[in-house]
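Please read them beside the model.

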Amino acid sequence: MTNSPADFDVVCLGEAMALLAPEPIRPLTDGTALTLTVAGAECNVAVNMAQLGARVAWCGRVGADPFGAMIVDRLSDAGVDVGCIQVDTTLPTGLYFKDPHGGTVYYYRNGSAASAMGTDFVDGMPPAHVVHVSGITAALSPTCSAAVHDLIVNRPHHGLLSFDVNYRDKLWPVEFAAPVLRRLANACDVVFVGRDEAHKLWGTVTADDVRDRLDTVGTLVVKDAAVGATLYTGDTAVFVATPPVEVVEPVGAGDAFAAGFLYALRHNADGATSLRLGHLLAAGTMAVTGDIAPPPSVEHVNRVLDGF
């Protein structure tokens, strides 16, 4: 990875929401007690990386409400820099409910504070070696779409651009999302995409098919759930199988994988090692009901980075 003058290892841009989920696992219809935590693809990446010891900032907008205050406090407590966060006194913080019993999620984010982000917000982001964003942010509103386009296509920041496709059909229809997400992904340096979502978007079947669609990406990771992940760099492909794990709830695992991969990449690890660290963090997240799991031990992370 090429170094550039920067304040942070990674800066993440996106929406953070208040997540409510039953603990222990019960259907939401039972009316049981809910645990309140923080969620959101890019902030999940930020917290996971901070837990590993990276210098991370999260940039986004929250409402001037208890949920927004909680998000700022929780991210700060996790070691994530929150100096880039804007507080909106008019629009609310988005909410997100999990029903682990049915494997369903419910978003309440229309008109959220984050949806008002625009290109001026991108201009105020601090410098970083890596800037990470996802396709979710591009789907939140026309101004968010313009902000992500500016960040990726116009490249006002000099760090590597990391992009998780993260297609959500509840946010935008596939016929509109497919060309936009392909164009954005092909303009980035590091891209994460699930084989299943690539099939929905572009009709691809295999990881090699996905590579054909995203042929200008320098570092492409195609994740295939319980099968494994394939890394494409140039004409080289590396595959690492997914380790066995008992899945409690899978949401957030992709974000944890991206965090582990980017952390390893930032430490100049090879492709297979980066995939293994991604799998390690994803496995931890799938074992809990929240979006973020406690980090693996420093010794475990170092063993992975050292190839053991």
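1. The model is predicted: local features need pLDDT of at least 70, side-chain atom pairs count only at pLDDT 80 or more, and totals for chains, interfaces and linings use all residues. Residues are numbered from 1 along each chain as its sequence is written, and side-chain values use heavy atoms, without hydrogens and water.

2. The whole structure holds 4 aromatic pairs (ring centres of Phe, Tyr or the six-membered ring of Trp within 6.5 Å; planes under 30 degrees apart are stacked, over 60 edge-to-face, the rest tilted). One of them is Trp-172 with Phe-176, edge-to-face at 5.8 Å centre to centre and 70 degrees between the planes. Trp-172 is buried, at 6% relative accessible area (buried is under 20%, exposed over 50%, partly exposed in between; 1.4 Å probe, protein chains only).

3. Phe-192 and Phe-261 are edge-to-face because their planes stand at 90 degrees, with centres 5.5 Å apart. This pair links distant parts of the chain, 69 residues apart: Phe-192 lies in strand S11 (residues 190–194) and Phe-261 in helix H9 (residues 253–266). Helices (H or I, at least four residues) and strands (E, at least two) are DSSP runs numbered from the N terminus. Both Phe-192 and Phe-261 are buried.

4. Two charged ends sit over tyrosine rings: Arg-109 over Tyr-107, 4.8 Å from the ring centre, and Lys-170 over Tyr-106, at 5.6 Å. The criterion is NZ of Lys or CZ of Arg within 6 Å of the ring centre and within 35 degrees of the ring normal.

5. Buried residues of H6 include Val-180, Leu-181 and Leu-184. Among the elements covering the buried residues of H6 are helix H5 (142–154) and S11 (contact: heavy atoms within 4.5 Å).
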